[in-house]
Amino acid sequence: MTRLLPELFHAVSCWSALGRRHPGPLLDAAERELAAKPETSRDGWWLWFGHDRGIAAAVTRRPERVLDLLERYGPSQLPVPLHRRLGILAAADPARFVRLLLSHHGSAIRRSGALTRTVLRRLADTVPEELLVELCRVMNGFAERNRLIQALPPGRRGAFHTAVADGQGDGSRVTVDATLLDVLPRVSVVEQARRMADRARDRGAPWSTVLLAESYLPVGEVREKLLAATRRSAADDRAEAWPLLIRNAGRSGDPAVVAVVLDDMARLRNEQDPVRSAALHALLAVPPALLTDDVEPQLDRLVADAVEARDSSPYTRETLSSLAVAVLRTHTSTGQRALVSWALRTLTRLSGNTGGADLGRLDGTLQRGQEHTVFEALRPWLEAGAEKSDYGLVLSLTRAVGRRAAAMEDLQELLWQAVRFGTGSTSQAAVDLWLQPRTDRDVRVERILAREPSAAVLPAVLSVLTRRRTDLLDRFLGDTPPYGRFLTHGRPWTVPVGREVRRWAPRQMRAAAHALEQSAQDGKLPLHARAVAIGQLAAVPESGAEALSRWTGSSDAILAEAALAALARTDRPADMLPELLAHTGDDRARVAVFAASRVSRHVRPSRLGPLLRDRVAPGTGKVTSRKEAVRLAAARLPAGEAAGVLAEAYALPGQHPDVRAACVAFGTGLLGDERVWEVMADAATGGRAVRTAVLRVAPAELPEAYRPRYARLVQQVCATDDEDLAALAHQALARWVPWAPGACAVLVDALTDLDRRRGWQSAAVALTGAAAVAPEAAGELNRALRTLATTDTADEAGSERDRPARQRIDHLVNLLTARAVAHPEAFRAERTAAADILAAHRGFVPQAAVLLAHALDLDAGPDPLHAAVVRLARLHDGRPVLASRTAQTLATRITYAHRNGVGDTDTLLTVAARLGATGETAEGLFAAALTATGGARTEWSGPWRTQLRLLRQHPVPDVRDAAYAEVTAHE
C-alpha cells in the first residue's frame, strides 16, 4: 500500500475505507500532494474528489497526523466530514488543537459551527487558561464567546471572563449581554449586572434595557422596582416587565421566592393575553424543581384564569401544556404528588386526555429501580385512564422508561389492555411497545395473532411473522386477507415479500408467488399496487424470474417497466442481461439500461464484452443506451478489451457526437492503451461535443506521467474560432498550466488581442488562476499588464469602444483582489510586482494602490508593516480623494483579516501612531482607517481612544474629519 498508493492516488474512489484501514499511507500521500500544491490550490484538493472523507476517516486512527496536516495545509473552509471528528482531534492534543484554532487555518474551523458543546467542554477541562483566553478573544461575536464561557465549570467563569475582557473597552454602543449574565455564576453575575446597568443608565438607554441588567441583581435589591414595572400603564411595558420579575425569582434558587412571585401572578387574571402569555412563557424558564406541592393552588389558579379568559390564545395554551409536561417530568420521582396531579389535570383540561403527557426519556435520569416509584405515583391516573380507554399516559410512560418497561409487570399488563381495547391508532402504538422486549417477542406475536389475526398487517408483527415465526405464516398466504380491526373488509392485502422469503418453506414460496401474480393480474387494483406486486416477484427464488419475463412485454408501460427493473434483483441476474439489452432500442430503454447496468456486475467479462460491442454501433439502440454501453465497457471490462471497444465505437462511421463524447469521457481511465490516446488526439481537433469532453478532465484524475501529454491536448482545444468553446478551454487550461509549458502564452494572446471582443474575460480568469499555481504564469501575467498598459490610449471615448485595454486591466485587478481576499497570504509577491508595473503608468496608480493594499502582510512586525504602508502612501501624493478611497480599502482588508485571526492589535496601534505623527494627508487617512478597525476590535480600549484623540488634532482637515466620524460611545 505504501509503495503503490502514490501512483494510484488519482484512481481511488473508496476514500473512507482507505482512511479507516490504511491511515498512515493515506496521510503520507496526502501530505506529498498538498506540499506540491500552492496555497490557492489546496482548497480544491480538500473539497473535491472525496479526499476530505478519507482524512476524516483517518482521524480515529491517526489524530496527531491529521492535526499536523491541518496546521500546515489546512483549507479555508472546513470540509463537512471533519465536523464530527473535531472532538477526536481535541482529545488527542487539546493545547495543539487550540493553537490550530488560533492560526490562520483555524479560522475555517471557528466559522464552521462545528465547535460543539462537547468539544468546548473538553478544551475547557484540559487546555491552559491563557490559551483559552486567547481563543475566546478571537471568537466571532458575543454568542460564540459565551458558549466557550459556559463550557467552563461555574467556579472558573467569572475570573475567565475578567481575563478575556482585560484590555478591552466597553464598546461604542449600549449593550446588556443577557446571554453572558445567564452563564456567569451568582458570585460574579451581580457585579457584572450592576456594571452593565450603570453603563446603560449613564448612556441614556431605555428603561427596559436598564431593568434587564438590574433583573440579575439579588431579589431583595430589585424586587420592588420590578414589581413597579409590572404596573406600568402600557401593556407592552408590562409584557416586558413580567418576564424580568419571574426570571429574577427563578435565578434566586429559593422555592419561597418563587412561591411569592406565583402569588403576584394572580394579578394576571385581568390582564390582556399578550401580557399573560409573556409571563407564562417566562415561567417555563424557572426550574421545575423550585416548585413544591405548596404552590399547587396558585398554579391551578393560573391555569384556570388563562383558559377561561375570553382572549386566551393557542400560544398561551401551548405554553401551559409545556409547563405541565416539564413539571410532570421533574416530579414523577420526587414524591410531590400534588404537582403530578396538577400537571395531569392541566393536560386533561387542555386536550381532553393525558395523551399529551410527553415524559421525555426518564431511563436516562432515573436511578435503577426508581421507575417503579414513578409508576406508583402515576398508577391512579393510569388505571383511571384505562377504565375510559384512554391509554395515552400508559404509552408515554412506556416510551419514557425505555427497556426498563420489560421488567414492570403491571405496566406490561396495561399495555396488553391497550392492545385489546384501545382505539385503532392507540392499539397499533401499544402493539409496537408491547413487542419491544426481545425475550418473549415470538410468544407475544402468537398471542396477538390468536386474538386478532388482522394484526398481521402491522409492521412490528409482520417483521416477526416473516422472519422468525414462519410456522404461523401459512394461514396468511391464502386468497382471503385476514380482515378485522387493523384491516377493513374489502381492502386488498398480501404478505409483502422481501429478502426474508429465502427463510420460508418451498410451499410458502409458491403460495406467495401465486398471491403476487394474482395481485399483478387484478385489473381492479391501482396500477402502482400491481407494479409493487410485480417488483416483489423478483425476491422469490427460481419462479420469480420466470414470472417477471411474462410481464416485460406488457402493453402497459408501468407494469412492463416494473418487471424490467425487477429483473436486476432476481436470484440469477446474469441470465437476464440479454433480455434487458433487447429493450435498449425501444421505449423501455430508460428502465432497461439502468437495470442492465446493475446486472452487468454479475456477468463474466468474457461474456459481457461481445454483448456490449454489439450495442455501441449506430442503429443498435438509442443514443443514451449506446452511451451507457460505452460506460459499462470502460467500467466492467479488462483495460485492453475496454480500450478496444471504445476506440471501435468512436471510429464507427455515422456515430452520434454524444456517443463519441462518452468514449472520450470514459476513456480517461484507459490512457495506458495507445488506441485511447489516438481517440483523444482526434477529439482535441474534432467537433464541439468531443472537445468539451476533453476539457472536463481534471489533472487529479490522471496519473502524473500522463498529465503533460494530456495538457497539450487541452492547449490544442484552445485553438478554436468558437468563442464559447474557447472560454471553456481557457478555464480548463488554467488547471493544466504546470504541465503545459507555453500554455500561458495562449492566454496572454487572447487577453491582449484587442481585436477579440469575446473570450478575453475567460482568459483573464484563467491567467490569474494559473499565476497562483505556476510561477511562470505570474511572469506572463506581468507581461500582459505591461502590454495592455502600453496600448491603453486606443479608442478614447469612442461610440463603439472606450479604452478596451484599460477595461481589461481593471478586470485583472479585480480578479487579483478577489483572490487576495480568499487567500491573503498567497501570491503576495506577485500582487506587489503587478502593482509596481501599474504604478509606473500615471493612469493606473489607483489600480496599483488597490493591489498594494491587498498585498500588505498584516502579520508582519511594526517596522516592516509601517514601511509597506508608507510605500503605499507615496502613491497618493497630491491625490487626497484616492487616498480616502484606499483608506476604505485598507479598513475593509483589516476587518476581514481580523475575522480570520490575522493581524495583531498592538502592531496596528504602533503603525497607526507612526503614520498619524507625520502630518501627511495619505498617511493620516491610513492611520484613521487603522484606528477605526483597531478600536472596533478592542471595543475602544484606552490606547485606541488616545490615538483617536490625537488624530482629531491632525493638521489635515480630511484626517480630522475621518477621526471625528468614529464614535467611541453612542448616545
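Trainee: Which residues are linked in a network of salt bridges?

Mentor: The network joins Asp28, Glu31, Arg65, Asp68, Glu71, Arg72 and Arg96. Please bear in mind that this is a predicted model, in which local features need pLDDT of at least 70 and side-chain atom pairs count only at pLDDT 80 or more, while totals for chains, interfaces and linings use all residues. Residues are numbered from 1 along each chain as its sequence is written, and side-chain values use heavy atoms, with hydrogens and water left out.

Trainee: What makes the pair of aspartate 68 and arginine 72 a salt bridge?

Mentor: The term requires a side-chain nitrogen of Lys or Arg within 4 Å of a carboxyl oxygen of Asp or Glu. The closest N and O atoms of aspartate 68 and arginine 72 are 3.4 Å apart, so the pair qualifies under that cut-off. Both residues belong to helix α6 (residues 63-73), where they are four residues apart, about one turn of the helix; a helix here is a DSSP run of H or I with at least four residues, and a strand a run of E with at least two, numbered from the N terminus.

Trainee: What is the N to O distance between arginine 96 and aspartate 68?

Mentor: Their side chains meet in a salt bridge at 3.6 Å, N to O. Because arginine 96 lies in helix α8 (residues 94-102) and aspartate 68 in helix α6, this pair ties together parts that are 28 residues apart in sequence.

Trainee: Why does arginine 96 count as buried, and why does arginine 72 count as partly exposed?

Mentor: Buried means under 20% relative accessible area, exposed means over 50%, and partly exposed lies in between (1.4 Å probe, protein chains only). Arginine 96 has 18% relative accessibility and therefore counts as buried, whereas arginine 72, at 40%, counts as partly exposed.

Trainee: Which residue forms a salt bridge with glutamate 129?

Mentor: That partner is arginine 156, with the closest N and O atoms 2.8 Å apart. Arginine 156 lies in helix α13 (residues 154-165) and glutamate 129 in helix α11 (residues 129-138), so the bridge ties together parts that are 27 residues apart in sequence. Arginine 156 is partly exposed at 26% relative accessible area, and glutamate 129 is partly exposed at 30%. A search of the whole structure finds 48 salt bridges.

Trainee: What sets serine 389 and tryptophan 940 apart in their backbone?

Mentor: Most residues other than glycine have a negative phi. Serine 389, although not a glycine, has a positive phi of about 60 degrees, and tryptophan 940, also not a glycine, has one of about 55 degrees. Serine 389 is in the loop between α24 (370-387) and α25 (392-401), and tryptophan 940 is in the loop between α53 (921-937) and α54 (942-951).

Trainee: Which residues touch the most other members of the largest nonpolar core?

Mentor: They are Phe97, Met265 and Tyr710, in a core of 322 residues. A nonpolar core is a set of buried Ala, Val, Leu, Ile, Met, Phe, Trp, Tyr and Cys residues joined through side-chain atoms within 4.5 Å. The residues that phenylalanine 97 touches include Leu67, Leu86, Ala90 and Leu123, not counting residues up to four places away in sequence.

Trainee: How many helices and strands does the chain have?

Mentor: It has 55 helices and zero strands, and of its 971 residues, 52% count as buried.

Technical notes:
Contact means heavy atoms within 4.5 Å.
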